[in-house]
Amino acid sequence: MKPFGRLAYTTARRIGTCKRNVTTSRHFSVESNVQTNIESGTLYEMDLTVAKQLNMKTHLPSQLAKQMDTLGEIVTLVREPTAEVASCMRVVDKHLPNLRLVLWGAFGTGKTVTLNQAVHHAYKNNWAIVNLRSAMELTRRVKEIEMSSFVAGRINDPSNAVAILQNFKQQNQHVWKTLTDLLTEKDYEWSKSERTLKEKPITEIVEMGISAPFLASDCVGAIFRELRRHAKNDKLKVLVAIDDANSLWGKTLVKRADRTYAPPSDLTLVVHFRRMIANDWTNGCVLMVADKKEVADARDELEVSRHTPLELFGEEGFEFIEPFVPIETSNYTESEADTIYNYYVSKNWLASKSGKHSFLPQYILNLPIFLARSEEGRKQLMYLSAFNPYYYERLCAFN
Amino acid sequence: MHRLSHISTRSRSTLADKLRSAVGGSDYGKSKQALAAGSIAAKDENGEDFRELYVMPKRKLRGQIQLEQNTGRAEIKTRSRFDLMDRLAERPPRSEEMDPEKHKWSDVWPAARTFAASVVPLPVRMGSRPNVEKRAPFKKEGNLELVKIPNFLHLTPVAIKQHCDAIKKFCTPFPPELIATPSLAATCLPISVQYSTYIHQGTNIRDIRSRVVTMIVDVESLKLTENAQEKFIRLAGKRYNKESKKLTIITDRCHTRKQNLDYAHYLLTVLYHEANKVEQWAELKERSDNLQVEFEGSETKTKLVDLIEKAKTAGLKPDESSITEFGEMWKSYRNSEETVDKTREYGRQMKKLLGISGNN
């Protein structure tokens, strides 16, 4: 596939130019109220402004984000796990300890996409959203560290903390008004000069963290604490969506003064997120993704790690997140693959009718991309991707 | 001796004697003259003896005799061989003499022995010839190859049957209950011992591998208490198979099988008594030291009970009765290899427990 990539790309550009202005009929609808209408097997379009607010471009898998750029819209397939997550979110109640859901499944089956759909679902229902793009960033992509002044031995991570706060602010613009109405429980004394007084809006904590990176890690803890408290008091509902959540119990690349690697429990942000996962608060939902990338080693050719929760979270993490509801993401069914196929066809993303372009040799013309719109191409796409959503998308794309 | 005889010959015909007879004249050659006169008495007119001309010997020549015999003019004399009496004194080989049908072979060849061509009445041949179509392999007489290889001529079916019949009176019948229900063997005969005997071509009948003894013990039948059994399993290490609950002891450090068997029994005894001992430090054992993760008393169970309690107030319909079922599933999930199916089952039971149905 790869050597022909550029060739195929140029070819398709040529073919595509003459067909660009074909209007397509949409066989899906933009739903305003998702609460009642999560139906698996349907295509679902996210509003672009909403997608921008929810920062989908960075949170979605990069290939899907690129497709979003190209097609100018975000259309995802609502599948069984999304419906399951939505039904679990519906039972969230002020008396019920936060519900913990773990998305697990093989590579490319849509864990991250499901997570982002759930985030959007929370947005639709006016929940507060705490979304972490990847917990691995807190443990392995730590640019600068500071020793915590709040708890001895803890390691602060200002850059990630600021990023978390900024993301929080951006993603919660729809409930920002509500958040400003919520008041702090106590005086927070960040440093000698900086403090947030009691009975002030909790959004001040966020602003404080963003403006002063050296306080950001503590601000993250404080805003989480306030969110939990207000959720308990039924002021709002909170969705905590953490991608690669098993990395919170994985290995870190943060070095301490004695040059040993710090355990994840020493990282302030990891501790804050773990507290968010703990079910000592109510009226919330914690959605986690168990991802293999924490344990899989690309250089290890002999071992294949499992993608099941106990294996990925480890005993410690597993006991921490229990009791939780595991939700499996799986490969496409034939009808799901057809839905996506029809969508790509309607968008002219799959353009070629049959291999009848005289300037290319026949063996290239037999590639699925050159007969994509024919019946044979449809079948080839299914079987070449083995119904794996990631590979299906890769086969349909040029790059 | 030779030298002496030479001297004596010389003394008998000395030169002096010859000279003497030459001087005397008449005496010389008297004996020769007498010999010549004896054969043909005729003398010629000069009185000189008739000297016969030698043409051929006076006896019949070999060719003449053969010619006469072939033409029937002379009879052929048959003569017995010179070693006739020796040959008559020697017995012919038994293999030619015996009648295999009448003679009892197990009497002829009662025990293991090397091949003897004269005894075995079989026309066996052994060896390699370049062209077997022209010339058959070497016959059994004087054939060393047949002597080198082991033979089982003493183990004919008849001989074995005879042997079995002889020792039958010492045997008791195999328990018919064990034949009827093979599962009974595990409880009635908890120890099984395995060893191998090796037979091979060679000068030495011993094989170093035959000393190895494998003893398999059913640990359940030792009737250990729970603590003792755990200690037993820890002491046994990887010799204990937790699926079949059997202990396998392999001993090979002694020279003979008997010694190794004794040693295996010794090891089992020591293991048993050591497992039954309770040391002071054994009381320091914590929950995390257990061999298996238990659901009862685990943090998960307390959290789950708490969650169910709160879920009831939240308006869900949790299924409290299925917590024991969940506990069993949880225990097997935590203590065995995690599979995709097990995780699905975990999710199913958890949803059932919390009263969340997948499609509401």
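User: How many Å separate the centres of domain 1 and domain 2 of chain B?

Analyst: Taken over C-alpha atoms, the centres of domain 1 and domain 2 of chain B are 43 Å apart. This is a predicted model: local features need pLDDT of at least 70, side-chain atom pairs count only at pLDDT 80 or more, and totals for chains, interfaces and linings use all residues. Residues are numbered from 1 along each chain as its sequence is written, with chains lettered from A and ligands numbered from 1 in the order in which they are written.

User: Which domains does chain B have?

Analyst: Domain 1 (98-171), domain 2 (181-287) and domain 3 (292-354). The bounds come from an automatic or database domain assignment.

User: What pLDDT does chain B average?

Analyst: Chain B averages 86, and 89% of the residues score at least 70. pLDDT is the predictor's confidence in each residue, from 0 to 100.

User: Where in chain B is the pLDDT below 50?

Analyst: Over residues 1-8 of chain B. Beyond near neighbours in sequence, that stretch has 0 contacts in the model. A contact means C-beta atoms, placed from the backbone, within 7 Å. Where pLDDT is low, the predicted coordinates should not be read in detail.

User: Now helices. At what angle do α15 and α16 of chain B cross?

Analyst: Helix α15 (residues 323-335) of chain B and helix α16 (residues 340-354) of chain B cross at roughly 155 degrees, and their axes come within 10 Å. So α15(B) is roughly antiparallel to α16(B). Angles under 35 degrees count as roughly parallel, over 145 as roughly antiparallel, 65 to 115 as roughly perpendicular and the rest as oblique. Axes are lines fitted to C-alpha atoms, for helices over the stretch in contact, and angles run from 0 to 180 degrees between N-to-C directions.

User: Which residues meet there?

Analyst: From α15(B), they include Phe326(B), Met329(B) and Tyr333(B). Among those from α16(B) are Tyr346(B), Gln349(B) and Leu353(B).

User: What about α8 and α11 of chain A, at what angle do they pack?

Analyst: Helix α8 (residues 158-171) of chain A and helix α11 (residues 213-232) of chain A pack at about 60 degrees, axes 8 Å apart. That makes α8(A) oblique to α11(A).

Note on methods:
Two residues are in contact if their C-beta atoms, placed from the backbone, lie within 7 Å. Helices (H or I, at least four residues) and strands (E, at least two) are DSSP runs, numbered from the N terminus.
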